[in-house]
2 protein chains.
Amino acid sequence: MLEQIDLTRKLGKEEYQQKMEEMEPALARLQRECKALGIPVIVVFEGFGASGKGLQINKLIHPLDPRGFEVFAIKGENEEEKMYPFLWRFWIRTPEKGRIAIFDTSWYRKVSVERFDKKMSKEELAYSYQEINTFERALTDDGTVLIKLFLHISKKEQKKRFEKLLHSKETAWRVNDEDLKRNKEYESYKAMNEEMLERTETACAPWSIIEAEDRRFATAKIFSEVIRILNEKVKEKKEQKKAGEKGEKGGEEVKVPEDFGEGLDSSVLSKVDLSLAYTKEEYKEKLKELQERMSLLHGELYRKKIPVVLGFEGWDAGGKGGAIKRLTEAMDPRGYLVSPTAAPDATEKSHHYLWRFWKAMPKAGHITIFDRTWYGRVMVERIEGFCTREEWQRAYREMNDMEASLAHSGAIVLKFWLQIDKDEQERRFNERMENPEKQWKITDEDWRNREKWDLYEEAVNEMILKTSTSYAPWIIVEGNNKYYARIKVLESVVRAIEERLRE
Amino acid sequence: MLEQIDLTRKLGKEEYQQKMEEMEPALARLQRECKALGIPVIVVFEGFGASGKGLQINKLIHPLDPRGFEVFAIKGENEEEKMYPFLWRFWIRTPEKGRIAIFDTSWYRKVSVERFDKKMSKEELAYSYQEINTFERALTDDGTVLIKLFLHISKKEQKKRFEKLLHSKETAWRVNDEDLKRNKEYESYKAMNEEMLERTETACAPWSIIEAEDRRFATAKIFSEVIRILNEKVKEKKEQKKAGEKGEKGGEEVKVPEDFGEGLDSSVLSKVDLSLAYTKEEYKEKLKELQERMSLLHGELYRKKIPVVLGFEGWDAGGKGGAIKRLTEAMDPRGYLVSPTAAPDATEKSHHYLWRFWKAMPKAGHITIFDRTWYGRVMVERIEGFCTREEWQRAYREMNDMEASLAHSGAIVLKFWLQIDKDEQERRFNERMENPEKQWKITDEDWRNREKWDLYEEAVNEMILKTSTSYAPWIIVEGNNKYYARIKVLESVVRAIEERLRE
């Protein structure tokens, strides 16, 4: 989930002030609503050292009524706490209905900082994840809103901040040797955090990743996430109340600025550099070389009985077909299957939505290439309302679980998103319209989908963020130049296979 | 969960026939309803070898429309299946909406038979439980009814059945060396099954334990469980439909005999031998000896920093107070706390129901004795409607999780149910009424609760079955004779501590 985050995002002072002027009173109103409705709220701040947790907590509590919240700074367990079960000190600090508990680091210490510092057996680690998920489930089932924020900064930025702190006598004590070690071994510590996020990303308590290099951006993003989640819960609770007390008047609508989150969404797609391109000559040369390697690797996969799952998604006319073709040209036709995904037929509809994909999964040594995938659930089905909000929200976890099963059984799992911009799509659509041999490729539905570009973009950003995992990453393919896209796909597949074979 | 099952239960031929005459057509009707409502159903048969799974499946399908179900006999993975992820062969066999899939053993092979035969790393085992729970969650979230039956027989009965099968040439092939080994090492195999049941007992897919020594009893119990669960789901689905199609007529009521399950409930309490008693002399002698041992052990616990959690539940006037007194008399007052549980106060009510118990948990080396416990959730709160059905059903899992957390952190966790019969309770109530010094102990509420004896009995049976675990067992205390009860409590505590200290 961290890999895809764009840490270069910034917010200008003016825009920041404008946003905060709207969001601060909105948050204060939501606090009052939560109190009135008896909703307990927990906000967890996790993230890299020096990512600004303390400062951000101060910003967050600024508009809040101080009688209604409490901040807990969680350190390593003291002697007293060591004598209790791991979760004890958190259970006893869970807020009562209508109050807000803010945790400056939390139960996640155990599977991040403490895991890094102390080492932990795999079994103990697995058990800790289980305890955490169980704990969060018990709270959210009972009506607690659990907001989990992860503040992300780069190795370089972290180093800069540590150095600045060390430079002054007044702040040097805030940096210890362990902090510096975690900066030095940033990649390994980041991988632990990535695993933590993956294992504890649930439908009942999802993570919000905060781009924390620019402090104004981080503050605004934290406010917008907290407001969005509280607002949803308040609405839900009011509807429940209304349904319960038929005829009675529901509470007043909470006034939340409509566009409070605008420009703050984690946008994976917007940072994609679509100018990347190869010339025809470069393309031909690379293609030849990669296809030869792929051909050899395919035999190796078969011999070593490694299954491969490749999923292709992307904008209409994004170039999926062409990329798949260049990939399969290099493969032995007895060892792969291209599985196209259309709208589900009657039999498929009467099963779980994952059923038809399970049926098409490759056996050991084989490759299945999915031309469109199970991710339809959180794109077309979400946008067209073919499934409920609850169903597509749950789906992120279900799809991660399925891919984890595949990876656990030894499969290589890669997912490609073929990205083009809106202009390029129009150009390609028109080209298809004009070329009699390509006309079959373009339908009215394509044009209709195009009108929903913004909705899809939002859905895709969320999807990539929530389902890009260490065991089944999304690879964003810059697709305006077809040569570039095809080579990147081939290269990524070849690299993933080579890495696996080296293990 | 297996420990508490009464395997001596039988059903006479006549009663059996009478029950089946009602239940067979009811099941057929429910199958039609499920078809009409588009509910997919999975019935899983697990249990000891020779417990009669094949025979019982035959009985179950007898009244069913053969066009609407399928039976899958699951063996070890064949060469083809070995090339896929573990769950693949089950995912592809999940039934479509309105159909019933019956599994003669299932995905649970992996954590029972295969675990026993092959050995498995702890990590792999933990992962398998996780995959199974994830799989079942995905199905039930999507609307599948998942009925999990575990057929239980004793070591002796199993041996008898194997011998009978081996005796005849026609059936000898059905018993292999592994079967015999699992019989020989029955206790160790049973412990694996117990763990399996504990780890996969969830609110969305609970287990039904079937007493399978008497085949008629088993058949009737299986029918009653399947009917009960399907009936609940059909009702729920119809209500959802009604809520959706306001004004439209709901489907017809399914006719299910009201008392179809009568006499088949797993009754833990009914098998308790309340005639057990000690004379005053026996009592005094045993008490003295046990209290002396307890006193020494308490010091050891403190030295070794082992926490102890003792929960006391039981009928009003069941003798909890007296038993607790005899226990604490032998303890160092600085090392234990008796935590009485009354109705929750305002602060407690505005937290999660487990919060106040977490707060009272002992630290390392200390003992907390709970006079009434968190189990109020599934007794008084269930019966008086202080929480919703969904809440108390979820609570079994939550309480098991809490106790697992305690046990994982090193605690000894024991739960006592003080059992007396209704006559004995009346005698004690009257005694309290007549004795001015005991009058404070009896209130109108006690008499009112007494009227709900049958409801409590049902709730207690279910509670003990679902929350008696290897790491936090229920101990049923035969309480009509107070001397006997007090000694049994002391003995159980002493034994549990001694066992732990020997480890």
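This is a predicted model: local features need pLDDT of at least 70, side-chain atom pairs count only at pLDDT 80 or more; totals for chains, interfaces and linings use all residues.
**Entry 1: a sheet in chain A**

I started with chain A and found an open sheet of five strands in the order β7-β8-β6-β9-β10, with parallel pairing. Its edge strands are β7 (336-340) and β10 (474-478) of chain A, each of which pairs on one side only. From one strand to the next the twist averages 20°.

Residues are numbered from 1 along each chain as its sequence is written, while chains are lettered from A and ligands numbered from 1 in the order in which they are written.

Terms for my own use: two strands pair if DSSP finds at least two bridges between them. Helices (H or I, at least four residues) and strands (E, at least two) are DSSP runs, numbered from the N terminus. Angles run from 0 to 180 degrees between N-to-C directions, and axes are lines fitted to C-alpha atoms, for helices over the stretch in contact.

Next I looked at one pair in this sheet. Strand β9 (residues 412-419) of chain A runs parallel to β10(A), and five bridges join them. Phe416(A) stands opposite Ile475(A) in β10(A).

**Entry 2: two helices in chain A**

I looked up how helix α12 (residues 280-303) of chain A packs on helix α21 (residues 482-502) of chain A: the angle is about 30° and the axes are 9 Å apart. That makes α12(A) roughly parallel to α21(A) (angles under 35 degrees count as roughly parallel, over 145 as roughly antiparallel, 65 to 115 as roughly perpendicular and the rest as oblique). The crossing of α12(A) past α21(A) is left-handed, that is, the near helix is turned anticlockwise from the far one by less than a right angle; clockwise would be right-handed.

I also noted who makes the contact (C-beta atoms, placed from the backbone, within 7 Å). On α12(A) the residues include Tyr283(A), Leu287(A), Leu290(A) and Met294(A). On α21(A) they include Ile487(A), Leu490(A), Val494(A) and Leu501(A).

**Entry 3: over to chain B**

In chain B I found five strands forming an open sheet in the order β2-β3-β1-β4-β5, and the pairing is parallel. Here the edge strands are β2 (69-73) and β5 (207-211) of chain B, each pairing on one side only. The twist averages 20° from one strand to the next.

I picked out strand β1 (residues 41-47) of chain B, which pairs in the parallel sense with strand β3 (residues 100-104) of chain B over five bridges. Val44(B) has Phe103(B) as its bridge partner in β3(B).

Then I checked helix α7 (residues 155-167) of chain B against helix α8 (residues 177-184) of chain B, and they pack at an angle of about 155° with axes 9 Å apart. That makes α7(B) roughly antiparallel to α8(B). The crossing is left-handed. Lys155(B), Gln158(B), Lys159(B) and Phe162(B) in α7(B) meet Asp179(B), Leu180(B) and Asn183(B) in α8(B).

**Entry 4: where the chains meet**

How many residues does the contact take from chain B and from chain A? I read 38 residues from chain B and 38 residues from chain A. On the side of chain B that touches chain A, α4 (88-91), α6 (122-141), α14 (355-359) and α16 (389-408) of chain B each supply at least two residues. α6(B) gives the most to that side, with nine residues.

α6(A) passes α6(B) in a left-handed crossing. Lys122(A), Glu123(A) and Ala126(A) meet Lys122(B), Glu123(B) and Ala126(B) there.

**Entry 5: symmetry and confidence**

I laid chain B on chain A with an RMSD of 0.0 Å, by a turn of 180° and a shift of 0.0 Å along the axis. That is the relation of a two-fold axis. Copies are superposed by least squares on the C-alpha atoms of residues with pLDDT of at least 70 in both.

Which residue of chain B comes closest to the rotation axis? Glu123(B) does, at 3.0 Å (C-alpha). I also noted that 100% of the interface residues of chain B are interface residues in chain A too, so the copies meet through the same surface.

Last, the scores. Chain A has a mean pLDDT of 93, with 98% of its residues at 70 or more; pLDDT is the predictor's confidence in each residue, from 0 to 100. The model scores ipTM 0.86 and pTM 0.89.

Key: Two residues are in contact if their C-beta atoms, placed from the backbone, lie within 7 Å.
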